[in-house]
Amino acid sequence: MSFRKDFMWGVASSAYQIEGAAFEDGKGASVWDMFTHERGKIREEHTGDVACDHYHRYEEDVALMAELGVKCYRFSICWPRIIPDGIGKVNRAGVDFYNRLIDCLLEHGITPVATLFHWDYPYELEKRGAWLNPDSSDWFAYYAKVCAEEFGDRCKIFYTLNEPQCFLGYGYFAGCNAPGRQWHSYEILPALHNAFLAHGKAVQAMRSVRSDLQFGYAPSSDVCAPATDSPEDIDAARRRYFAVPEDEWMWCVSLWSDPVMLGTYPVDEPFMKNHIQTLPKTWEEDLKTIHQPIDFYGQNIYTQSLWSSDGKGGWQWVRNPMGFSKTSNNWCVSPRCLYWGPKFLYERYKTPIVITENGMGCHDTVSLDGKVHDPNRIDYVHRYLLELKKAAEEGADICGYMYWSVMDNFEWGNGFTDRFGLIYIDYLDGLRRIKKDSFEWYKGVIASNGENL
Ligand code: BG6
């Protein structure tokens with residue numbers, strides 16, 4: 001046993017983080033275009049105005065992906081690039097860019113996998129209340145339908161939303177991501193409910209255009225892993241992973257996934273008990289729309305927390321030992337999350353899992369020999385993939401892994417200071433692309449379908 005023969009080895013990116021061309025060819029503004037131009041929001045005042053200039057250099061980038069041997073490429077579509085105000089006229093120049101990208105991928109034998117929404121919300125719709133506006137799910141469904149009509153003849157796999165935890169939690173409640181709002185707690189569930197409805201209506205709208213499309217959803221989670229392999233700790237970690245404590249609603253799983261995957265809200269969890277009255281009156285009926293059959297359960301997984309049984313039917317958090325390895329953005333290096341995460345998620349949702357993002361941020365540099373040596377990243381991915389393989393061998397249906405990210409890019413609040421790429425972007429030298437050592441290493445993994453791990 002090993003990875004499936006048709007395992008989707010891939011790389012991932014998102015529009016705002018790599019495209020640049022932020023104000024070109026009729027593109028409308030997104031909340032990120034506005035947020036990055038506010039003083040003090042982003043480290044060192046970086047913006048994605050130019051980013052990796054992928055908009056103009058996509059051919060070079062796709063050729064590199066072909067050399068890497070990836071089977072698929074997960075990119076995102078910038079909603080206001082193709083519909084500048086979010087709901088009105090389609091911008092042909094924006095559509096043409098994605099058509100060129102999709103065609104180029106197909107010419108190189110790479111399956112395009114498009115995410116509809118990776119956080120660059122149309123600014124014109126933000127001004128109308130964004131996810132709190134009762135019409136917001138219809139706006140998204142219209143955009144989704146346009147994507148099916150324009151790209152669905154060649155792009156067959158679509159993920160609806162990337163990490164609602166981040167675009168709602170960080171964007172509208174913590175306020176550290178665009179658009180930097182700090183809504184009230186009674187607005188969490190209505191906004192989230194509208195985002196769920198957007199997912200469901202988008203899948204329905206796209207299926208009405210083409211019946212041969214496949215769909216996924218790509219939330220995130222910090223996995224709750226057991227501190228030991230004792231059955232008590234495993235059980236405690238599993239229960240904690242799917243719990244929704246009042247003050248931990250942002251980084252839990254069931255609140256963000258049960259409606260989409262099971263057609264239910266976790267109504268017995270403390271957070272839901274406290275806030276259920278804030279949902280629209282139609283919430284139970286709406287769950288039918290939200291819960292569309294989908295093909296893949298995407299999951300972005302980078303790290304974990306450790307939990308043990310408290311001996312009284314509850315759980316307790318276990319601190320990582322001092323000196324635990326961390327990435328450049330201070331996430332714990334914790335390979336076991338790619339074992340326990342997929343295992344627990346598959347048990348609950350019984351839908352094929354794709355790791356839609358996983359990777360390591362490092363402070364990479366170009367060495368005197370002109371190369372970028374990143375042994376830490378190779379070691380990180382190697383360890384994580386070994387755990388993923390173990391979960392697959394033990395029965396979790398895992399059908400893909402997309403390394404985040406194909407190239408260094410604009411890492412949101414951290415600007416360009418963290419580098420996750422397999423391809424180094426030399427921002428000081430004309431955005432020159434340099435293949436890192438990890439690029440060559442991952443190429444070998446893909447070529448052997450993970451047998452060389
Ligand atoms: C995921 C996002 O949360 O993690 C990506 O989907 C992001 O867009 C990646 O780049 C790394 O996170 P960060 O916060 O370091 O940019």
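A pocket, as used here, is an open set of grid points with protein on both sides within 12 Å along at least five of seven lines. All views show a predicted model.

**View 1. The largest pocket and its lining.** The largest pocket has a volume of about 620 Å³. Its lining consists of 23 residues, and those nearest the centre are Cys 166, Tyr 170, Asn 329, Trp 331 and Trp 412. By class, the lining of the largest pocket comprises 10 nonpolar, 9 polar and 4 charged residues. The ligand sits in this pocket.

View 2. The ligand is surrounded by 14 residues, with Gln 17, His 118, Glu 163, Glu 357 and Glu 411 the closest. The shell divides into 6 nonpolar, 5 polar and 3 charged residues.

View 3. An N or O atom in the side chain of Glu 163 is 2.6 Å from an oxygen atom of the ligand. For the side chain of Asn 329, the distance from an N or O atom to a ligand oxygen is 3.1 Å. Trp 404 places a polar side-chain atom 3.3 Å from an oxygen atom of the ligand. On its own the ligand has 380 Å² of accessible area, of which the protein covers 89%.

**View 4. Backbone at Glu 163.** Glu 163, one of the closest residues to the ligand, is located in the loop between β4 (157-162) and α8. Its phi is positive, about 45°, although Glu 163 is not a glycine. Most residues other than glycine have a negative phi, and most peptide bonds are trans.

View 5. The peptide bond from Trp 404 to Ser 405 is cis, and omega is near 5°. Ser 405 belongs to the loop between β11 (398-404) and β12 (423-426). A polar side-chain atom of Trp 404 also lies 3.3 Å from a ligand oxygen.

View 6. Ala 178 and Pro 179 are joined by a cis peptide bond with omega of about 5°. The loop that holds Pro 179 runs between α8 (164-174) and α9 (188-209).

**View 7. The largest cavity.** Across the whole structure, 4 cavities of 30 Å³ or more are found. The largest cavity has a volume of about 60 Å³. Its lining includes Ala 15, Tyr 16, Glu 19, Lys 27, Asp 33, Cys 78, Arg 81 and Asp 120. That lining is made up of 4 nonpolar, 3 polar and 5 charged residues.

Definitions and conventions:
Residues are numbered from 1 along each chain as its sequence is written. This is a predicted model: local features need pLDDT of at least 70, side-chain atom pairs count only at pLDDT 80 or more; totals for chains, interfaces and linings use all residues. Side-chain values use heavy atoms; hydrogens and water are left out. A residue is near a molecule or strand if one of its heavy atoms lies within 4 Å of it. A polar contact is a pair of N or O atoms within 3.5 Å; within protein, one must be able to donate a hydrogen and the other to accept it, and residues adjacent in sequence count only if both atoms are side-chain atoms. Accessible areas come from the Shrake-Rupley method with a 1.4 Å probe; for residues, only the protein chains shown count as cover. On a 1 Å grid over the protein atoms alone, a cavity is a set of points where a 1.4 Å probe fits but cannot get out, and a pocket is an open set with protein on both sides within 12 Å along at least five of seven lines; lining residues have an atom within 4 Å of a point. A molecule sits in a cavity or pocket if more than half of its atoms lie within 2 Å of its grid points. Ala, Val, Leu, Ile, Met, Phe, Trp, Tyr, Cys and Pro count as nonpolar, Asp, Glu, Lys and Arg as charged, and the others, Gly among them, as polar. Grid points are joined across faces, edges and corners, and a volume is the space filled by probe spheres set on the points. Helices (H or I, at least four residues) and strands (E, at least two) are DSSP runs, numbered from the N terminus.
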